[in-house]
Every structure is written in structure tokens, then in C-alpha cells.
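Subject: Structure handover and findings

Dear colleague,

Please find the structure below for your own work. My notes on its contents follow directly after it.

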Amino acid sequence: MSDRLQIPSISSAFAELKTGSDPGQMSGGTRFVRACLRQPVDRTPVWFLRQAGRYMPEYQAVRRHHSLLEICKQPKLAAEVTITAAEKLDVDAAIIFADLLLPFECMGLDFEFQAGEGPVIHKPVRTADDVAQLRTDRASQLGYVAQAIERVVAHFKDRLGIIGFCGAPFTLASYMIEGGGSRNYVHTKTLMYRQPDAWRRLMDKLVAVLRDFVRQQVEAGADVIQVFDSWAGALSVEDYRDFVLPTTKALIRDVQAMGVPVIYFGVDTASLLPAMRETGADVLGLDWRTPLGPAWRSLDYACAVQGNLDPIALFAEPELIRKRVHQIMDQAGGRAGHIFNLGHGIVPNTPVENVQQVVRFVREYAREGRHA
Ligand code: CP3
């Protein structure tokens, strides 16, 4: 058990904020959590989506002996992978190594990751009866994620921010219904449009499980929770508002009531940002197609923003990467509440040294005092 548990449901970095500590010398954890809450920081915090992944030789070495699910389910391995990546990159936050789809198992849906194909759900959810079969009473089986978080917290203390995560109800529902990734979301939207009651029950069941799952992560010491709505960009604003916003907002509010800030992330969401903002999330993750400056202004700076370098820009020469990093920092303008990140996850074959360079470029920008 971590010493953070002495303050029920409120992590130490978060508690420190609440007592209004001096922003002079900050740990990565304090810097990251303060930025999530739009409080001034000594320099912009930085971390990366999919920072522990196949591009990293240390991860590949573990993967040679264990499947993805084995790593997720063995807290010692999951913690090791999380810690190694965060140490190697020298970032301000570590996201726990896990996967979006883990809650499916305890709901009664079997799935596997097929090489090169991504996830495959063996018996997709297609009818009201399928929805009725889903269980919501076994989230405790996901305890291995919280156990991994405890190990990561014990290692870093508040040197780094520790991020727990879960999928958002829409994105998880889309995997359940399509049976895997999708281009047009035909089955998902058909259920949504034609069986709105079954859709709502599915969303409510997901929220019930996710709430329990996230509570375990917060009690284990996660400082911040990121909610991945990776495929929300497939929705029109009207559909997002009618079918997705209410349940997502309920989940995010419940997580905030546990005492941690929430980052809400999606891809291709430029037109959805005002509606996503209505969830009340502390931070919105921006994909790289959305220029950070205008996007933040359009949100009236009412929340923090995270992003948003194109992950494929990491394949460019260092000079171009530096220029893009500085352009994003210029757009953030030194305003409190920017967390530097990519616009989506690091892809396989990305040169590790370029990811490390980005961390240096973000810090160099702060040292040069360019905001002033
Ligand atoms: O550092 C980290 O971010 C690693 C932890 C992490 C993983 N998955 C491990 C993983 C996180 C945060 C996720 C979230 C996740 N999982 C998302 C949301 C993030 C996003 O990209 O928008 C999604 C959509 C999933 C579902 C998922 N898991 C897919 C579609 C795939 C296949 C991707 C591919 O390129 O093959 C996975 C597999 C997966 N999960 C990998 C990792 C490191 C790579 C596969 C492997 O190691 O075998």
C-alpha cells in the first residue's frame, strides 16, 4: 500500500495543491497535476501517449517472453514496463501500462489481440439481449491494474505524476459492438439509432464498471485519470450530444468526486470540442489536426489542454521537430494549463532518441524564457 492512502481518495500531489504550496521547486508530479488544474508551473510538463510501447527496445524485450495481456495482468511486469519508459524518457508523468479493453473480460466478453490486426472480440454485442447479458458486478477482477499502480507509486513517490486510465463509454461500446476496430461504425450507430434504449443500457453498464475500475486506480494512488474516447471523432455533434455526452459527463463527474483531475481525450474532435468541454473534464486532449492556439481560445481557456504534436513528426529531422515543438509552445503562450504531449500515440519504429529530444526541446523552450 502506498503512503498516499493516508489521505483517502486524494493523492499527495493533489493534496499539496489544495494547501497552496509554493510553486518554486516542483516535482514532476506536482508540475503535472498543477497544470491539469490550470495552476502556474515552473515549466510545461511533458509526457507521451503510448510512451511504453513497441517502438521501445526494452518493451520489445519483455514482449518476446509475454503476451500483451500477460504484461497487463502481472503487476510486477506492468509496473516495470511503465517505470522503464518513464525513466528513459525523463518525462513528468507515467501512464500505467494496461489496455482499454481489459474491462470486457469481467463483463463477460472474451477478446484477444491478433498480431497485426488489433483487438478481436469473439462474440460482439449486437442485440438488446446481448446487452442484458453483460455483467457489471465483477470489476474487482481488474485489481491487477491497481496493484501495478501501487508499485509505480511506491517507485516514483511524487517525483512523477501517475496517470490511471479507462476507455470512454462510446469508444468501448464501439469495440464491443463492431467486434474490433472500424472504419464506419455501422453496427455501433445502427444500435444507437434503432435501439436507443439498449444503447443507453449499454452505456450505463459501462459507466457502472468503469466507475469501480477507476476508483480502484485512484485508491491505489493514481494522481490523474485519463478517459480515452479515441473514436468519438466518428460522431456528428448532434449524435455526440444525444447519445454520448450525458453518460460520459456522469462518468467524468464521478471520477472528479474521487478527488482527482480528469483528462478527456479523442482524435479528430475539432468540431466536438465545445461539447466535450461540457463534460466538465479538467483537461481536453487535442489531436494534431486541431491547432492548439485557436482550439484553446475557442474553449475560452475554460479548461486545460494537452497536446498536440503529430506523432509521425517524430520521424522528421531534429530541426523540424524542434520547430514544431516551439510552434506548439508559442500557441500555448505560457498560459497556465498546457501539458505537452502528442496528438495521438507513438507508433512502432519511432526513433526513441527523437522522443527524448522532444522532452529536451520543451525544457529548452522554458529555459530560454520564450513565453516572456
Ligand atoms: O504507454 C502507454 O500508453 C501504454 C499503455 C496503453 C496500451 N493501450 C498498451 C498497448 C494504453 C494507454 C492503451 C490504450 C488503448 N488501447 C487505446 C486508447 C489509446 C489510443 O490509441 O487512442 C486503444 C484504442 C486501445 C485498444 C488497442 N490496444 C488497440 C487498437 C491495439 C492494437 C494497436 C496496434 O497498433 O496493434 C492495442 C494493443 C496495445 N495496447 C499495444 C500496447 C503497447 C501494442 C501491441 C502489443 O504490444 O502487442
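Asn-349 is exposed, with a relative accessible area of 66%; buried stands for under 20% relative accessible area, exposed for over 50% and partly exposed for what lies in between, using a 1.4 Å probe and protein chains only. Asn-349 sits in the loop between strand S9 (338–342) and helix H16 (352–367). Helices (H or I, at least four residues) and strands (E, at least two) are DSSP runs, numbered from the N terminus. Although Asn-349 is not a glycine, its phi is positive, at about 75°.

The model is a predicted one, in which local features need pLDDT of at least 70 and side-chain atom pairs count only at pLDDT 80 or more, while totals for chains, interfaces and linings use all residues. Residues are numbered from 1 along each chain as its sequence is written, and side-chain values use heavy atoms, with hydrogens and water left out.

Further backbone features

Most residues other than glycine have a negative phi, and most peptide bonds are trans. Asp-90, in the loop between H5 and S1, has a positive phi near 60° and is partly exposed at 46% relative accessibility. H2 itself is mostly covered, with 9 of its 9 residues buried; among them are Arg-31, Phe-32 and Arg-34. A cis peptide bond, with omega of about -5°, joins Gly-307 and Asn-308. Asn-308 belongs to strand S8 (residues 304–309).

Salt bridges

The structure holds 17 salt bridges, each being a side-chain nitrogen of Lys or Arg within 4 Å of a carboxyl oxygen of Asp or Glu. One of them pairs Asp-92 with Arg-43, with the closest N and O atoms 3.7 Å apart. Asp-92 lies in the loop between helix H5 (75–89) and strand S1 (93–95) and Arg-43 in the loop between helix H2 (28–36) and helix H3 (57–65), so this pair ties together parts that are 49 residues apart in sequence. Asp-92 is buried, at a relative accessible area of 3%.

A salt bridge also forms between the side chains of Asp-254 and Arg-211, at 2.5 Å from N to O. This pair links distant parts of the chain, with Asp-254 in helix H12 (residues 237–257) and Arg-211 in helix H11, 43 residues apart. Asp-254 is partly exposed, with a relative accessible area of 27%, and Arg-211 is likewise partly exposed, at 28%.

In the salt bridge between Arg-289 and Asp-287, the closest N and O atoms are 3.8 Å apart. Arg-289 is partly exposed, with a relative accessible area of 45%, whereas Asp-287 is buried at 0% relative accessibility. Elsewhere, salt bridges that share partners join Arg-31, Asp-42, Arg-43, Asp-90, Asp-92 and Arg-363 into one network.

Nonpolar core

The largest nonpolar core has 135 residues, and those with the most contacts inside it are Phe-32, Phe-48 and Trp-199. Such a core is a set of buried Ala, Val, Leu, Ile, Met, Phe, Trp, Tyr and Cys residues joined through side-chain atoms within 4.5 Å. Helix H11 (residues 196–219) contributes the largest share of this core, 11 residues.

For contacts in general, the criterion is heavy atoms within 4.5 Å. Leaving aside neighbours within four places in sequence, Trp-199 is in contact with residues including Phe-170, Ile-177, Met-192 and Phe-243. Val-207 is in helix H11 and is buried, with a relative accessible area of 4%.

Largest pocket

The largest pocket has a volume of about 1300 Å³. On a 1 Å grid over the protein atoms alone, a pocket is an open set of points where a 1.4 Å probe fits, with protein on both sides within 12 Å along at least five of seven lines, and lining residues have an atom within 4 Å of a point. Grid points are joined across faces, edges and corners, and the volume is the space filled by probe spheres set on the points.

Of the 42 lining residues, Arg-50, Arg-54, Leu-68, Asp-99 and Phe-113 lie nearest the centre of the pocket. H3, helix H4 (68–73), strand S2 (111–114) and strand S3 (118–121) each supply at least two residues of the lining. By class, the lining has 27 nonpolar, 10 polar and 5 charged residues, where Ala, Val, Leu, Ile, Met, Phe, Trp, Tyr, Cys and Pro count as nonpolar, Asp, Glu, Lys and Arg as charged, and the others, Gly among them, as polar.

Yours sincerely
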